[in-house]
Amino acid sequence: MSRTNYLKGYDRKIVEQVEELVTTGKLGDLLRSRYPENHTIRNDKALYEYTMDLKNSYLRKAGPLSKVIYDDKISLSHHALGLHSFVSRQQGRKTKAKNEIRISSVLKFVPEAMMRTVVVHELAHLREKDHNKAFYNLCCHMESDYHQYEFDLRLYLTLVDSGGTLHGRQ
């Protein structure tokens with residue numbers, strides 16, 4: 001895997017700058033200067049409350065969430081940090097449909113802005129299933145700096161892939 005695998009699609013000059021930061025060992029310093037602390041959302045209950053606060057602020061009319069959890073099985077090798085699923089279960093004669101969000105456990109120890117970016121992304125899927133213009137407009141409505149935080153999250157993942165850490169834990 002390339003050290004800049006998370007930056008596919010970005011301008012070549014940007015990728016070269018990031019490669020230089022990785023090579024010189026300065027990528028971690030850059031991210032630490034932007035994000036001096038990690039969030040404190042460490043368990044499923046806190047994650048659920050955090051997600052519901054965002055949902056209730058921006059997507060009150062969207063379908064309910066039945067579950068929001070950290071998931072150890074979500075792997076960075078599949079380039080997923082979170083999953084939104086619409087689960088249908090048969091209970092007797094009734095079919096119950098539920099929205100669930102699963103967030104990679106890797107995100108337990110990242111800055112709040114990066115966590116928020118993934119939660120906003122997964123919440124946007126409640127309204128927009130595809131990654132289209134409407135989807136990204138909704139993400140930006142919920143987090144005005146969405147694109148910057150997403151890029152910085154990609155930088156963080158690049159740092160982790162190159163063996164670095166942000167605040168001593170991953």
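The model is a predicted one, and its inventory comprises six helices and three strands. Of the 170 residues, 45% count as buried. Among contacts between residues at least 6 apart in sequence, 64% join residues at least 24 apart.

The largest nonpolar core contains 45 residues. Within this core, the residues with the most contacts are L31, L47, I103, M115, V119, L123 and Y156. At least two core residues are supplied by each of the helices α1, α2 (27-34), α3 (44-58), α4, α5 (133-142) and α6, and likewise by each of the strands β1 (65-71) and β3 (94-104). The element that gives the most to the core is α6, with nine residues.

Packing against α6 was examined for two helices. Two packed helices are described by the angle between their axes and the distance between the axes. For helix α1 (residues 12-24) and helix α6 (residues 146-161), the axes come within 11 Å and cross at roughly 40°. The crossing of the pair is right-handed. On the α1 side the contact is made by I14, V18 and V22, and on the α6 side by F151, L155 and T158. Sorted by class, the residues of this contact are five nonpolar and one polar, with no charged residues.

Helix α4 (residues 112-124) also packs on α6, here at an angle of about 115° and with the axes 9 Å apart. The angle therefore makes α4 roughly perpendicular to α6. The crossing of α4 with α6 is left-handed. From α4, the residues A113, M114, T117, V118, V120 and H121 take part in the contact. They meet Y146, Y149, E150, D152, L153 and Y156 of α6. By class, the α4 contact with α6 has eight nonpolar, two polar and two charged residues. Y156, which belongs to this contact, is also listed with the residues that have the most contacts inside the largest nonpolar core.

Two individual positions were considered further. R116 is found in helix α4. With a relative accessible area of 17%, R116 is classed as buried, because the cut-off for burial is under 20%. Leaving aside residues up to four places away in sequence, R116 touches Y50, L54, Y58, M142 and E143. Of these partners, Y50, L54 and Y58 lie in α3 (44-58), and M142 lies in α5 (133-142).

V68 is located in strand β1. The relative accessible area of V68 is 3%, so this residue is buried as well. Its contacts, again without residues up to four places away in sequence, are with D44, L47, Y48, T51 and I101. D44, L47, Y48 and T51 fall within the range of α3 (44-58), whereas I101 falls within that of β3 (94-104). The C-alpha atoms of V68 and L47 are separated by 6.7 Å, while the two residues are 21 residues apart along the chain. L47 is itself one of the residues with the most contacts inside the largest nonpolar core.

Terms used
Residues are numbered from 1 along each chain as its sequence is written. This is a predicted model: local features need pLDDT of at least 70, side-chain atom pairs count only at pLDDT 80 or more; totals for chains, interfaces and linings use all residues. Side-chain values use heavy atoms; hydrogens and water are left out. Axes are lines fitted to C-alpha atoms, for helices over the stretch in contact, and angles run from 0 to 180 degrees between N-to-C directions. Helices (H or I, at least four residues) and strands (E, at least two) are DSSP runs, numbered from the N terminus. A crossing is left-handed if the near helix is turned anticlockwise from the far one by less than a right angle, and right-handed if clockwise. Contact means heavy atoms within 4.5 Å. Ala, Val, Leu, Ile, Met, Phe, Trp, Tyr, Cys and Pro count as nonpolar, Asp, Glu, Lys and Arg as charged, and the others, Gly among them, as polar. Angles under 35 degrees count as roughly parallel, over 145 as roughly antiparallel, 65 to 115 as roughly perpendicular and the rest as oblique. A nonpolar core is a set of buried Ala, Val, Leu, Ile, Met, Phe, Trp, Tyr and Cys residues joined through side-chain atoms within 4.5 Å. Buried means under 20% relative accessible area, exposed over 50%, partly exposed in between (1.4 Å probe, protein chains only).
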